[in-house]
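Trainee: Could you walk me through how to read a model like this one, feature by feature?
Mentor: Gladly; let us look at it together.

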Amino acid sequence: MSAPRVTAVADGSVAQRFGLRAGDELLAVNGCAPKDVIEYQQMVDEPELSLDVRRDGLVLEIEVLKRAGEPLGAQVDSALFDRVRTCDNHCEFCFIYQLPPGLRPSLYLKDDDYRLSFLYGNFTTLTRFTEADLERVTAERLSPLNVSIHATDPEVRAAMLRNPRGATSLRWLRALLDCGIEVHGQVVVCPDVNNGDVLEDTLAGVTDEYPELASVCVVPLGVSRHTSEPRLRPHTAAEAAEVVEAVHEWQEINRSVLGRRLVFAADEYYLLAGAEFPDPETYEGFPMHEDGVGMATTLAMEFSGRKQEATGTRPGFFAWVEGAPASGYRAPRGDGSAAIALRPRRGAPVGVLTGEYGAAVLAPLVDSLGRSDVRVVPVENRFFGGTTAVAGLLVGEDIARVLAGQPEGHRYLLPDVCLSQGMFLDGVRPADLPRPVEVVPADGAALRRALDG
């Protein structure tokens, strides 16, 4: 287990007042070594702290007195200080297996850790969940959690996870719900594997066996050009339409049985099927917005001013890696404050950079402005290829290629969801691009402000 390292100390904070410095390693708090940032925050809430700190090779003891619950004001460098609970499933649709070689090593880490589910909304299959984990989750009320279901038939689920424990691990989902933990479920649908009758069976199983779930999102698998799995293929438009129809049918069943819709289809399905997005009230508060359910609808509402508060941005696929703030669980992982200083003149034509799915959503919104100086610039994702078309997986290489063919002197807006720690997934930084870009939060209100400014 590695000790958390202090990365920043807030000005005027308790930590600064008692001499804690950036670079200090926190070996123990009141004699105990925290295993993760959750435990760390609980420990430092105490009014009296004895911090064992390693600084420049020396171990120091810092005594801290403060009000109970008063923030310490020290940010640490990671979310987990012990070993990440890695995933021992071998799902053929796992995107980690579809990455090209040569990326940052941390991007190839495949986790199945309930703590990262709580902290960042990652999904866990519960195949490595234990009785001790259940005890901690319920005692500390680590809620909400996100659970990958995929199929409720034990044999189908085990086959999809390529793990025999997949057949029985949903018993932990039942236990979590029995303990009053809020859980959101996910079903990744793979053609010829768990669509059609299997999907119908899964949605029936969710309603019958796990009706307390807060919500369930149904999402299509992503297929990159780097996959080595022969069975993986993208949905056809007809298959996407079938999934949308099945979800709508089960929404009506759940409304009559449970009094709420429970299950929702990801926006990608409506785009693939060429179907209209549902009305805003259909999403019942957008509980799965971060997972691409209702994002297009909320973006349109924010853009038009019909929704005053941003619902939030969807974190990038690898949003949690390489550092986590000590405060602000589920904090947005984009870099909206990292706009490039160079900026073309005010009133210059504007190009809005986004993925191909984003372009389909943004184009009618931009057209509604009736402005000839604003255009949507779709970026084809050749880096990952396949069906990869979301803005959160755009990389610098592809954006650079598209920008090189765009006019100089224009303003180019870039959504912050494609950045993590100031970098694209391929390690390129915005400053390396051939045109200056302005990084803006990926919500409709922020985009409208950027266009009006």
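**Reading the features**

Mentor: Let us start with His 150, which sits in the loop between strand 7 and helix 5 (154-161). Keep in mind throughout that this is a predicted model.

Trainee: What is the phi of His 150?
Mentor: The general idea comes before the case: most residues other than glycine have a negative phi, and most peptide bonds are trans. His 150 is not a glycine, yet its phi is positive, at about 70°.

Trainee: Is His 150 buried or exposed?
Mentor: His 150 is buried, since its relative accessible area is 3% and the cut-off for buried is under 20%.

Trainee: What about Arg 162, and where is it placed?
Mentor: Arg 162 belongs to the loop between helix 5 and helix 6. Its phi is near 50°, again a positive value in a residue other than glycine. Arg 162 has 39% relative accessibility and so counts as partly exposed.

Trainee: Which residue follows helix 6, and what is its phi?
Mentor: That is Gly 180, with a positive phi near 80°.

Trainee: And the peptide bonds: what is the one from Ser 143 to Pro 144?
Mentor: The bond from Ser 143 to Pro 144 is cis, and its omega is near 5°. You will find Pro 144 in the loop between helix 4 and strand 7.

Trainee: Now the helices. How do I describe a packed pair?
Mentor: Two packed helices are described by the angle between their axes and the distance between the axes. On the helix 4 side, the contact is made by Glu 131, Leu 134 and Val 137, and on the helix 6 side by Trp 172, Ala 175 and Leu 176.

Trainee: How do helix 7 and helix 8 cross?
Mentor: The axes of helix 7 (residues 196-209) and helix 8 (residues 237-258) come within 11 Å, crossing at roughly 25°. They are therefore roughly parallel to each other, and the crossing is right-handed. Helix 7 makes the contact through Leu 199, Glu 200, Leu 203, Ala 204 and Thr 207, while helix 8 uses Val 243, Ala 246, Glu 249, Trp 250 and Asn 254.

Trainee: Let us turn to cysteines. How many disulfides does a search of the whole structure find?
Mentor: A disulfide is a covalent bond between the sulfur atoms of two cysteines. Here the search finds zero disulfides. Take Cys 91: the closest cysteine sulfur is in Cys 87, 5.9 Å away, which is too far for a bond. Cys 91 is buried, with a relative accessible area of 9%, and Cys 418 counts as buried at 2% relative accessibility.

Trainee: Where is Asn 89 found, and what does its side chain touch?
Mentor: Asn 89 is in the loop between strand 5 (74-76) and helix 3 (114-120). Its relative accessible area is 0%, so Asn 89 is buried. The side chain of Asn 89 makes a polar contact with the side chain of Thr 125, at 2.9 Å. Beyond its neighbours within four places in sequence, the contacts of Asn 89 include Tyr 97, Lys 110, Asp 112 and Leu 161.

Terms used: Residues numbered from 1 in each chain as written. Heavy atoms only, no water. Helix = DSSP H or I, 4+ residues; strand = E, 2+ residues; numbered from the N terminus. Buried < 20%, exposed > 50% of the residue type's maximum accessible area, 1.4 Å probe, protein only. Polar contact = N/O pair within 3.5 Å; in protein donor to acceptor, adjacent residues only side chain to side chain. Contact = heavy atoms within 4.5 Å. Disulfide = S-S within 2.5 Å. Axes fitted to C-alpha atoms, helices over the stretch in contact; angles between N-to-C directions. Parallel < 35°, antiparallel > 145°, perpendicular 65-115°, else oblique. Left-handed = near helix turned anticlockwise from the far one by under 90°.
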